[in-house]
Amino acid sequence: HVPKIIQQPRHHHIEIEQVVEVPVPMTEEEVVHVPKVIQQQRQHHVHVEEIVDVMVEQKVEEIVHIPVVQQQERIVQNPVEITVEVPRPQLVEKTIEVPRIQIEEKIIK
């Protein structure tokens with residue numbers, strides 16, 4: 001009898017050590033100021049009324065008539081004399097010789 005070889009997967013176990021920082025709750029001190037209640041004396045206010053005569057300036061009314069300004073439009077003509085040079089037309093004469101055409105009629109028999 002021949003032994004038969006069968007391959008099986010092998011599992012390897014490796015131990016790893018890992019260092020992890022974990023926050024630890026810490027107690028914290030806090031200074032708290034507590035207000036202190038103190039009794040104080042109250043001040044009393046007394047109102048005093050005093051009547052004083054004050055001189056007041058008196059005004060006298062007077063009716064004054066103010067004239068109303070009215071605007072009127074006026075056309076003012078200022079004649080101005082202007083000297084203007086106007087070119088005078090010039091006549092130019094040219095003599096042109098035109099050739100005269102004479103027509104001769106001949107009767108051919």
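Valine 80 counts as exposed because its relative accessibility is 66%; exposed means over 50%, buried under 20%, and partly exposed in between, with a 1.4 Å probe and protein chains only. Keep in mind that this is a predicted model, where local features need pLDDT of at least 70, side-chain atom pairs count only at pLDDT 80 or more, and totals for chains, interfaces and linings use all residues. Residues are numbered from 1 along each chain as its sequence is written, and side-chain values use heavy atoms, leaving out hydrogens and water.

So what about the rest of the chain? Of the 109 residues, 0% count as buried. You'll also find zero helices and zero strands (DSSP runs: H or I of at least four residues for helices, E of at least two for strands).

Here are some overall sizes:

| Item | Value |
|---|---|
| Radius of gyration of the protein | 67 Å |
| C-alpha trace span along the principal axes | about 160 × 135 × 25 Å |

The radius is taken over C-alpha atoms, and the globule rule is 2.2 Å times the number of residues to the power 0.38.
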